[in-house]
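User: I would like to learn how to read a protein model one feature at a time. Could we go through this one together?

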Amino acid sequence: MINVETEPQALAKERASPAPLPGGVTAEQLRAHGKALRRQVRRSSLGTGVDLARDPVKILRAQNAQRLPELIPVRMGRMAHSPFTFYRGAAAVMAHDLARTPVTGITVQACGDAHLSNFGFFASPELELIFDVNDFDETHPAPWEWDVERLMASLAIAALENGLSERRARDIVLGGAAYYREQMARMAGMTPLQRFHLLATAETLMQRLKEREKTDPTRKGVLKEVEKAVAKARRNTSEHALSKLSVADPTGSPRIVDQPPLLMHPKRLPDDAHDILRRYVASARPDVAALLAHYTTVDFAMKVVGVGSVGTRCYLALSMDRCSGEPMFLQLKEAVTSVLEPYTRRSAHRHQGQRVVTGQHLMQAATDPFLGWTTSEGRHFYVRQFRDMKGAFDIASLDFVCLQAYARLCGAVLARAHAQTGDPALISGYLGSGDTFDEAMGDFAMAYAKQNEADHQALLKAIKAGKVRAEKGV
């Protein structure tokens, strides 16, 4: 069971950071300092003290107050579908729950929503397919523990939903936690420049799996799932999106086809619609700004995305090169305050779009060159490519062996992301080489999976009682 404490040890914002170290310290000194932190925060205590004195539906409704009312039933319907889809949309609930749990005081640039569906493939600026964290709406400086705990709980929830036993679900979590710990130790043994250039490429992953398959036939299913995800990602281009999402008007110019309620031309365009992309260009890289000068925006529509983001304003801008007719889609996604901010400290960025973009640059090994931010009618947005060879695993289809391999992969890339802004030797010194940390994550994840199921049932009950409107199948 999750240990619920009515009196927290300390609020996150009041916790002391590790004692400052003098300049010029060695990696061994950092490891020793991390090890000493165990006397203040036992590794076995991680994930305990979860604050469950809350109403999950009330937290979700508070978020809905800032969202488009006509899309709230879509959000609630998606979250009601299963415990896992509920979890995907409940980052705010978990942020509340973890705020009072023990942490070491080591802050990193956190993803803020590091569940297993927010990892995947996408194209680097050189069009090489890589695997990494790929959602940063909630990114914010925060304890590294919160990202790991959200990832581990998502593994347990997905495993149980896929029909695996509790023992096997726990084994998956243990493997993911162990890989995070082991990769953090590996990061500590590298130079900052080596870590900076470290990539998990699709080609490298497939090659390693082919080699392992020779000695372990059970890996064949893992390789098949990777190849399937990679093939899907390679098809996910602007040209493919153009054929699926648009038709030519009488003049031959493409127009986005309405697919209500998920893709529609808004009844009213923002008053400053023609200036949104112009303001974005000012935040883009100079080479990207020069590239965009060759394109003209021909259509602008609203698109519903994800689970947690449903109800926020998200636009799709279709642009065409004047000479070749080459299409390019840009996505403009509304950025609101991170769910972590109430429990940490105020963002250094007044513009929430800039917060998202900065966090993505800090955490990803290679980043979308089109990232930027803009403002419309006082609301903050960040801009990125749409369909830049993005691809993800079909989580519902993964068996025990595949989900175990996926857990390890996610744990490894999350460790690399945290190592960019945290000190890996310090974190690694705390984690150690034994399985104490892994077991703590196993205990937490299995207990939180049960709590998430109860929260999902609370939403279903609210829907049945007519307190929450939910639209199914969208």
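User: In which strand is the place of lysine 303?

Analyst: Helices (H or I, at least four residues) and strands (E, at least two) are DSSP runs, numbered from the N terminus. Lysine 303 belongs to strand E8, residues 295-303. This is a predicted model, where local features need pLDDT of at least 70 and side-chain atom pairs count only at pLDDT 80 or more, while totals for chains, interfaces and linings use all residues. Residues are numbered from 1 along each chain as its sequence is written, and side-chain values use heavy atoms, with hydrogens and water left out.

User: Is lysine 303 buried or exposed?

Analyst: Buried means under 20% relative accessible area, exposed over 50%, and partly exposed in between (1.4 Å probe, protein chains only). Lysine 303 has a relative accessible area of 17%, so it counts as buried.

User: What does lysine 303 touch, leaving out residues up to four places away in sequence?

Analyst: Contact means heavy atoms within 4.5 Å. On that basis lysine 303 touches Leu262, Leu263, Cys314, Leu316 and Phe386.

User: How do I read the chain as a whole?

Analyst: Begin with the elements: the chain has 17 helices and twelve strands. Buried residues make up 56% of the 474 residues. Among contacts with a separation of 6 or more, 77% are between residues 24 or more positions apart.

User: Which residues of the largest nonpolar core touch the most other members?

Analyst: A nonpolar core is a set of buried Ala, Val, Leu, Ile, Met, Phe, Trp, Tyr and Cys residues joined through side-chain atoms within 4.5 Å. The largest one here has 106 residues, and Phe119, Phe121, Phe131 and Trp144 touch the most other members. Helix H15 (residues 400-419) gives the most to this core, with 13 residues. Apart from it lies another core of 22 residues, among them Leu277 and Phe370.

User: How many residues of helix H3 are buried?

Analyst: A helix can be checked residue by residue. In H3 (residues 72-80), nine of its nine residues are buried. They pack against helix H2 (56-64), helix H4 (83-89) and helix H17 (436-464).

User: What should I look for in the backbone angles?

Analyst: Most residues other than glycine have a negative phi, and most peptide bonds are trans. Leucine 127 has a phi near 65 degrees, a positive value. Leucine 127 is in the loop between E2 and strand E3 (129-133), and counts as exposed at 60% relative accessibility. Glutamate 377 also has a positive phi, near 50 degrees. Its loop runs between strand E11 (372-376) and strand E12 (379-385), and glutamate 377 is partly exposed, at 32%.

User: Which two prolines does a cis peptide bond join?

Analyst: Proline 260 and proline 261, with omega at about 0 degrees. Proline 261 lies in the loop between strand E6 (254-256) and strand E7 (263-264).
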